[in-house]
Amino acid sequence: MPIVPPVVILADGAFPTHAYPLSALDQAMTIICCDGAADQLLRRSITPHVVIGDLDSLSPQAKNAFGDRLVPLPSQQFSDLEKALRWAADEGASQVTILGATGQRDDHSLGNLLMLFVDLGLEVGLLTDTGAFSVVRGSRSFASFPGQVVSLFPESALVQLTTTGLAFALQHEPLPALHRGTSNHSTGAEFSVMSTNGAAVVYQEYAQEH
C-alpha cells in the first residue's frame with residue numbers, strides 16, 4: 001500500500017489525550033505504528049498502515065489482528081521510532097507527525113526528542129499533550145498568538161539563531177547553553193526563526209483551554 005499523506009507515526013509512549021494530537025491521529029491517512037503501540041490502536045479499533053520494529057513488545061492479539069501489515073526490523077542499531085522514520089523516508093513520505101513519543105520512560109522521551117535533529121530529508125513534527133515540536137533548518141515562520149510559550153533548542157553550541165516576533169529576540173547569535181532558550185514568548189500572530197550552522201527545535205505550547 002502506498003503512503004498517503006498526512007502521515008502519523010505512533011510511538012510506544014503514552015497514548016495522546018489532548019485534542020490536537022488526537023485530531024492528527026484521526027485525520028491521518030497513513031498510520032505507521034511502532035511495535036507495542038499497536039496494542040493501543042487495537043484497543044481503540046484503529047487499523048495502522050504498518051506495524052514496524054523488532055516486534056518484541058507486540059501482544060499475541062495485536063500480532064494476530066495486524067499480521068498482514070507487520071514489518072519486522074530486528075536490528076538493534078536503531079530504535080523503533082527511528083526505524084519508522086527511516087521506513088517512511090524510504091517509502092517516499094515528505095512530512096510526518098510523531099505522536100506518543102513521550103510520557104513513559106524519561107530516557108525514551110529525551111532520546112525521541114533528540115531524534116528530531118536526525119536529518120532524513122523529512123519535515124518532522126512531534127505533538128505531545130502540552131505542545132508541538134518542530135525542526136528549523138534555515139528559516140521558518142510559525143503561526144502563533146500573543147503570549148504563547150516558545151522555547152528554542154539548538155543542535156549544538158555552533159548554531160546561531162535569529163528570531164522575530166519573540167519577546168526575547170536573538171540576532172544571529174548562539175545560546176550561552178543549549179537549555180537557555182526555554183520559556184520565550186510570542187508577541188503576536190506569527191514569529192520566525194532562522195538557524196544557521198545547524199538545526200534548532202522549536203517548542204510551542206498549546207493555547208490553554210477554557
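The largest cavity in this predicted model has a volume of about 80 Å³, where a cavity is a set of points on a 1 Å grid over the protein atoms alone at which a 1.4 Å probe fits but cannot get out, and a volume is the space filled by probe spheres set on points that are joined across faces, edges and corners. A search of the whole structure finds one cavity of 30 Å³ or more. Its lining, meaning residues with an atom within 4 Å of a point, consists of Leu85, Met115, Leu116, Val118, Asp119, Leu120, Gly121, Leu122, Val124, Val135 and Arg137. These divide into eight nonpolar, one polar and two charged residues, with Ala, Val, Leu, Ile, Met, Phe, Trp, Tyr, Cys and Pro counted as nonpolar, Asp, Glu, Lys and Arg as charged, and the others, Gly among them, as polar.

Because the model is predicted, local features need pLDDT of at least 70 and side-chain atom pairs count only at pLDDT 80 or more, whereas totals for chains, interfaces and linings use all residues. Residues are numbered from 1 along each chain as its sequence is written, and side-chain values use heavy atoms, with hydrogens and water left out.

The chain as a whole contains five helices and 11 strands, which are DSSP runs numbered from the N terminus (helices H or I, at least four residues; strands E, at least two). Its radius of gyration, taken over C-alpha atoms, is 18 Å, which agrees with the value near 17 Å that a compact globule of 210 residues would have; the globule rule is 2.2 Å times the number of residues to the power 0.38. Of the 210 residues, 48% are buried, that is, under 20% relative accessible area with a 1.4 Å probe and protein chains only.

Turning to the open sites, the largest pocket has a volume of about 500 Å³, a pocket being an open set with protein on both sides within 12 Å along at least five of seven lines. Its lining comprises 26 residues, of which Asp12, Ser79, Asp80, His108 and Asn112 lie nearest its centre. Helix 4 (80–90) and helix 5 (106–114) are the elements that give two or more residues to this lining, and helix 5 gives the most, with four. By class, the lining of the largest pocket has six nonpolar, 13 polar and seven charged residues.

Helix 4 is itself mostly covered, with eight of its 11 residues buried: Asp80, Leu81, Glu82, Lys83, Ala84, Leu85, Trp87 and Ala88. Just after helix 4, Gly92 takes a positive phi of about 100°.

The second largest pocket, with a volume of about 380 Å³, is lined by 20 residues, and Gln95, Val96, Thr97, Gly125 and Leu127 lie nearest its centre. Strand 6 supplies the largest share of that lining, five residues, and by class the lining has 11 nonpolar, seven polar and two charged residues.

His49, finally, is found in the loop between helix 2 (37–43) and strand 3 (50–53), and it counts as buried because its relative accessibility is 9%. Leaving aside residues up to four places away in sequence, His49 touches Met1, Pro2, Ile3, Thr30, Ile31, Arg69 and Trp87, a contact meaning heavy atoms within 4.5 Å.

Conventions:
Buried < 20%, exposed > 50% of the residue type's maximum accessible area, 1.4 Å probe, protein only.
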